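These are my notebook entries from a first look at this structure. I kept them in the order in which I looked things up.

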Amino acid sequence: MLKRGALSAGFALVLLVFPSVAGADAIEGDELFTYDSNAPGADPHGPFICGETNSFTLPKFDDTVKVFAFGQWRQRELVAVTVNVIGAARDGYILLDSEDPGEANAVLLTIGARLRVTSDTEPAPLVVITFPHDSNSGTMQPDSDGGADFTGSDSIAAVADGDTDANHATIDVAGDPGKQAPWVGAGEYVTWNFDANSHLFAEIRPAVEPEGLLQSPTYHLVAEVRYHWQVMPEPLTGVVVGIGGVAMLLRRRRRRTAHC
Ligand SMILES: [Ca+2]
Ligand SMILES: [Ca+2]
C-alpha cells in the first residue's frame, strides 16, 4: 500500500508542476496600432510617388499597463512585434502599340510597386511587397494604323487601379531584455520608414519593339503593428502547489491506511 501511495504522489507532482514551468497557462494578448495613409490627417498623408522615401510613427508597447492575472496585477512581457503591410498601387499605366505590320504578338503586362517597410528601431521586422496585381495579357494584333495612337486592336494596356496586396514580418523578442527594450516605453514612439520603386514588366512574343507610353504608379499603404504580450505564472507557485498537493495526497493515503 505504501509503495503504491508513493507512486501516485510522484505522478501528481509531475502533473502539477509541469504546466506552470512550460507556460501552458500563460495569459496572452495583442495590442494593435495602425497607420493608414488614406486616412485624413495621417502624417504623412498619401498617395506616395514611387522613388520617394517617407516615414510615420506609432506608439511603443506600454508595459506600465498591467493586467490582473494569477491573483494579482502583473506586468505584461513583450513577446513579439509584427508588422503587416497592405499596399495599393494606382494611377500608373503601360500602353503599347504595335508598329510591326507582319504578325500578332502575345503580350503579358504587369504594373505595380515594390514596397519596403522597416524601422530604425533594432531589431526591426522588414516587410517587402511586390504588388503587380494589375496585369493584362492578350494579343497585340499587327500594326493597323501606321502610327502609335495607343488604341485599337494593335494596342494593349495595363493600368494600376488600386488593387491591394499584403505581407507581414515578425521579430521574436521573448525573454530577451536587450531586444525588448527598444520597443517598450510609455508615451514613446517608433519611427517606421518606407519607400517603393515601380514594378513594371512586359513580355512580348515574338520579341518586337512596339511604341510605348509609361507612367509610374502612385501608392497608398496601411501598416498594422501588433505587440504580442504574455503574463506567465510564477514557476515557484506551481512547485509550491505541487508539493502541497503531494502532501495532501500522502496525508489522505495515510489516513485511509490507518482506517483499514
Ligand atoms: Ca500601330
Ligand atoms: Ca493603334
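Before placing any residue, I noted that strands here are DSSP runs of at least two residues, numbered from the N terminus. With that settled, I looked up Ala 223 and found it in strand 12, which covers residues 218–231.

I kept in mind that this is a predicted model, so I turned to its confidence. The chain has an average pLDDT of 84, and 81% of the residues score at least 70. Over residues 1–23, however, the pLDDT is below 50, although this stretch has 29 contacts in the model beyond near neighbours in sequence. Residues 237–250 also stay under 50, with 21 contacts beyond four places in sequence. Where pLDDT is low, the predicted coordinates should not be read in detail.

Leaving aside neighbours within four places in sequence, Ala 223 is in contact with Tyr 35, Val 83, Val 85, Val 117 and Trp 192. I also checked Ala 166, 57 residues away along the chain, and its C-alpha atom is separated from that of Ala 223 by 9.6 Å.

Next I followed an open sheet of four strands, which run in the order 3-10-7-8 with antiparallel pairing. Strand 3 (53–59) and strand 8 (127–140) each have a single partner strand, so one side of each is left without a neighbour in the sheet. From one strand to the next, the twist averages 20°.

Last, I looked at strand 7 (residues 105–119), which pairs with strand 8 in the antiparallel sense over twelve bridges. The bridge partner of Thr 110 in strand 8 is Ser 135.

Methods:
Residues are numbered from 1 along each chain as its sequence is written. Chains are lettered from A and ligands numbered from 1 in the order in which they are written. This is a predicted model: local features need pLDDT of at least 70, side-chain atom pairs count only at pLDDT 80 or more; totals for chains, interfaces and linings use all residues. pLDDT is the predictor's confidence in each residue, from 0 to 100. Two residues are in contact if their C-beta atoms, placed from the backbone, lie within 7 Å. Two strands pair if DSSP finds at least two bridges between them. Axes are lines fitted to C-alpha atoms, for helices over the stretch in contact, and angles run from 0 to 180 degrees between N-to-C directions.
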